[in-house]
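Subject: Structure handover

Hi,

Here is the structure for you to look over. My notes on it follow below.

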Amino acid sequence: MQLQSAYFFIKYLLFKERMFEIFPCKKEKEIVRRVENIRVKLNELILKRIEQLKESPVKDQDKMVFLDLYVTEYLKQQTQKEQSIDIEEILHQFITLFFAGTDTTATTSGTCLYYLAKYPEIQSEILEEVREVIGDADVNEENLNKLTKVNALIQEVLRLRNPAFVTLFRTVKHDKQVQDIKLKKGWALVQLQNASSIQDSHFDDATEFNYKRWLNKGNVVKNDNGYIHIPFAAGPRNCIGQHMALMEAKVIIALLVRKYKILLNPDVQQVRFGVKFLQTVEPDNCLLFEKRI
Ligand code: HEM
């Protein structure tokens, strides 16, 4: 469900998360209903896992998934009567990790596949690398690190079509002057994550898709102050899943390219980049996968 019009955007800027309580329209009510639904389902899941781990705890920490780590700590605190984690916190962390960690990588990989379909010569170069480095073997840490072209492809997608480019919402804590912009305490601020990544002052032919720029030995970013290409944000709240995301995207692309020829769907007249929550290629059926023989 999309909330794309200026009305929703302005409402968000004015009321922030309270926008859904103030004169909610049909779409907003539907979103609230869905969010509530997710909360109820996740709550059930967490309570069920608490009961399961009470009965049979997982001993080996390496075998614990994220939820088990949290629940185990929750149960430990309960026996020690020092409860600082509550179920609400587990639920919030679950939602954060689930939403931050799944669609982001999926849309990045999807956009990479779109460019491979759009530029078959790039697809051949990527396939050649995958065959040379991995061949028919399984993907492992060592061969993943050697996929420099696949890595360059992902970097270029994160530069030009970062899925998370409008997710940086902040509240201004103090009045502040940033160059010629006056920021007032309490303002809601949306930072366009990729604004600097698509400037010619920082990248040659900045709006062109050119994954090979990342294969150059020299500095790719011109006039870099360290904050020009930051697809995973920067500072203390940067993305905690960035290394995992890059690994996942490499695995997805390598395995799919090895097995399938990726094609643009000729029935789709127009492919575009849209923003629901994340920036992604639309429509969903814009690609076709043809098994390689
Ligand atoms: C290509 C994939 C990804 C991109 C582009 C991406 C991008 C970002 C960005 C820009 C932020 C900062 C948001 C902000 O400051 O408001 C962020 C935060 C975060 N990301 Fe990612 N991310 C990706 C994958 C992942 C994965 C795979 C995980 C988890 C396994 C993850 C977990 C998180 C978490 C938990 C935060 C919040 C960190 C905090 O607020 O302290 N992300 N991500």
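Which helix gives the most to the shell around the ligand? Helix 4 does, with four residues. Helices here are DSSP runs of H or I with at least four residues, strands are E runs of at least two, and both are numbered from the N terminus.

Two points before the rest. This is a predicted model: local features need pLDDT of at least 70, side-chain atom pairs count only at pLDDT 80 or more, and totals for chains, interfaces and linings use all residues. Residues are numbered from 1 along each chain as its sequence is written.

The ligand shell

There are 22 residues around the ligand. A100, G101, T104, C239 and G241 come nearest. A residue is near a molecule if its C-beta atom, placed from the backbone, lies within 6 Å of it. Helix 4 (87-101), helix 5 (103-118) and helix 9 (242-259) are the elements that give two or more residues to this shell. By type, the shell holds twelve nonpolar, nine polar and one charged residue. Ala, Val, Leu, Ile, Met, Phe, Trp, Tyr, Cys and Pro count as nonpolar; Asp, Glu, Lys and Arg count as charged; the others, Gly among them, are polar. Domain 1 (6-101) and domain 2 (103-291) each supply at least three residues to the shell.

The two domains

The protein chain is divided into those two domains. Their bounds come from an automatic or database domain assignment. The C-alpha centres of domain 1 and domain 2 lie 28 Å apart. Five residues from domain 1 and four residues from domain 2 make the contact. Contact means C-beta atoms, placed from the backbone, within 7 Å. On the domain 1 side, helix 4 brings the largest share, three residues. That side divides into three nonpolar, one polar and one charged residue.

Helix 5

Is helix 5 largely enclosed or open? Of its 16 residues, 13 are buried, so helix 5 is largely enclosed by the rest of the structure. Buried means 20 or more other C-beta atoms within 10 Å of the residue's own, with C-beta atoms placed from the backbone. Its length also checks out: at 1.5 Å a residue, helix 5 should span 22 Å, and its end C-alpha atoms are 22 Å apart. The expected span is 1.5 Å times one less than the number of residues.

The whole chain

The protein chain has nine helices and eight strands. Its C-alpha trace spans about 60 × 55 × 40 Å along the principal axes. Buried residues make up 19% of the 293 residues.

Best wishes

How values were computed. Buried ≥ 20, exposed ≤ 12 C-beta atoms within 10 Å, placed from the backbone. Contact = placed C-beta atoms within 7 Å.
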